[in-house]
Amino acid sequence: MLTNSRDRAWVEIQADALLRNASVLQQVVGPGSELIPMVKANAYGLGLSATVRTLEAINPWGFGVATLSEGLELRRLGVTCPILVVSPLPPASTELAVEAGLQLGISNPESLRLVTSAAERVGRAADIHIEIDTGIGRAGFNWKDAGSWKRYLDDAIKLGVRWAGSYTHLHSADEGHDTVLEQWTRFQEALRQLDVPDNMLVHVVNSAGALRLPELAASAIRTGIFLYGGSAGVGLPDPEPVVSVRARVVHMRQAHAGDTVGYGATYRAESNEHWASLGIGYGDGIPRLLGNRGSILIHGCRAPIIGRISMDVTVVNISEIPNVSLGDIATLIGSDKDEQITVDEIAEQADTIGYEILTGLSPRLPRIWKGLDGQ
Ligand SMILES: *Cc1c(COP(=O)(O)O)cnc(C)c1O
């Protein structure tokens, strides 16, 4: 393990838990569907390089990203398997993406033309996946008139573009079956209009979709949040926690009735209290909304966050917890003895979702991987 005794705060990542979550998903959908781990946004905040190195052990079909630079970074890291850019790219990114051999999700005829001409200029084939909009509304060809844009696709293919896959994206799989089935039906209708060959790579479900309706897993599943230990939705199986966030006690004080803490002095001691300042704040990605609302773990006990969280420091009330010393480790996300704070608990307190908590963990926090080769 890397030494971190000098760090004031850090993110700990459990590589073996990440792999176990991946194998749970694989078991749920069965051997007929491949995994496309989504590693966009720095692998949901875990760190791109170590995440990819860990997940390569399960031989995924490829990796999913959202941007050109994420795809290029994967190539720089030596990834040779397919890299799929699922989000639409700005026109000026197309050529570099084709040059790097990234597979591109395509959502409109204009992008098809851009890929085609980029492939000609660069002198290499371009692999595309046709995205079909069955309700997400942010990207994809409209499912209703798939037939009417088939000719653009045929033209592109004549000019050397390879049609490598077709997909759609679910908008509410975390909430229930009904919309998933409706989107599936729309998607099938579009595939029919497009005459998609039976052996084409087809991918529809995200983590929530795979867990809720594994029979829709098709050739591959695009999964993120469950791998990284975030809940995919209420009522769905919980993943094993993967990410912990820890911070050290960097200051302690005895507070007396009337003493205040933090910007705005929003917390006031009612009697004698014992406060500890942790070396972590919203500049590290801890939501400011947790001020006077959230809690942390220290010595296996919960301590409430008091006052507003500032950029670099969070203060907690440790009056109930004996023997806390400078340098002791507090847990903002993760386990400490028998107590646990999940990503989703924090997300709920901060009025958001686990995805935003994970992707918001700032680069200021070192990522310490446990159970990875060589550490
Ligand atoms: C991010 C993303 C996913 C992964 O979703 P999870 O809910 O994290 O499993 C799948 N497909 C697309 C198009 C995405 O953008």
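Student: How far apart do the C-alpha centres of domain 1 and domain 2 lie?
Tutor: In this predicted model, the two centres are 42 Å apart.

Student: And which residues belong to which domain?
Tutor: Domain 1 covers 15–223, and domain 2 covers 243–341.

Student: Where does E215 sit?
Tutor: E215 is in the loop between helix 9 (207–212) and strand 10 (220–223).

Student: Buried or exposed?
Tutor: E215 counts as exposed, because its relative accessibility is 58%.

Student: How far is E215 from I309 in space?
Tutor: From C-alpha to C-alpha the distance is 45 Å, and in sequence the two residues are 94 apart.

Student: Which of its residues are buried?
Tutor: In helix 8 the buried ones are V180, Q183, F187, A190, L191 and L194. Looking down the axis of helix 8, the buried residues fall within an arc of 100 degrees, so they line one face of the helix.

Student: Why would residues spaced like that point the same way?
Tutor: An α-helix has 3.6 residues a turn, so residues three or four places apart point the same way.

Student: What's on the other side of helix 8?
Tutor: D178, T185 and R192 are there, and they are exposed.

Student: What covers the buried residues, then?
Tutor: The cover over the buried residues of helix 8 includes strand 6 (126–133), helix 7 (146–158), strand 8 (161–167) and strand 9 (201–203).

Student: What follows helix 8?
Tutor: D195 does, with a positive phi near 60 degrees.

Student: New topic, strand 18. How many of its residues are buried?
Tutor: Strand 18 (residues 329–336) has 6 of its 8 residues buried, so-called mostly covered.

Student: How does strand 11 pair with it?
Tutor: Strand 11 (residues 243–255) pairs with strand 18 in the antiparallel sense, over 4 bridges. R248 has I329 of strand 18 as its bridge partner.

Student: And strand 15?
Tutor: Strand 15 (residues 295–298) is also antiparallel to strand 18, with 2 bridges. There I298 stands opposite A330 of strand 18.

Student: What about strand 19?
Tutor: Strand 19 (residues 339–341) runs antiparallel to strand 18 and is joined to it by 3 bridges. D336 is bridged to E339 in strand 19. Strand 18 and strand 19 form a hairpin with 2 residues between them, and K337 in the turn has a positive phi of about 55 degrees.

Student: How many aromatic pairs are there?
Tutor: The count is 4 aromatic pairs. In one of them, the ring centres of Y44 and Y228 are 4.8 Å apart and the planes are at 45 degrees, so the pair is tilted. Y44 lies in helix 2 (residues 40–44) and Y228 in the loop between strand 10 and strand 11, so the pair ties together parts that are 184 residues apart in sequence. Both Y44 and Y228 are buried.

Student: Which aromatic cluster is Y44 part of?
Tutor: Y44, Y228 and Y355 form one cluster.

Student: What about F141 and W149?
Tutor: Their ring centres are 3.9 Å apart and the planes are at 25 degrees, so that pair is stacked. F141 and W149 are both buried.

Key
Residues numbered from 1 in each chain as written. Predicted model: local features only at pLDDT ≥ 70, side-chain atom pairs only at ≥ 80, totals over all residues. Heavy atoms only, no water. Buried < 20%, exposed > 50% of the residue type's maximum accessible area, 1.4 Å probe, protein only. Pairing = 2+ DSSP bridges. Arc of directions from axis to C-beta. Contact = heavy atoms within 4.5 Å. Domains from an automatic or database assignment. Phe/Tyr/Trp six-rings, centres within 6.5 Å; stacked < 30°, edge-to-face > 60°.
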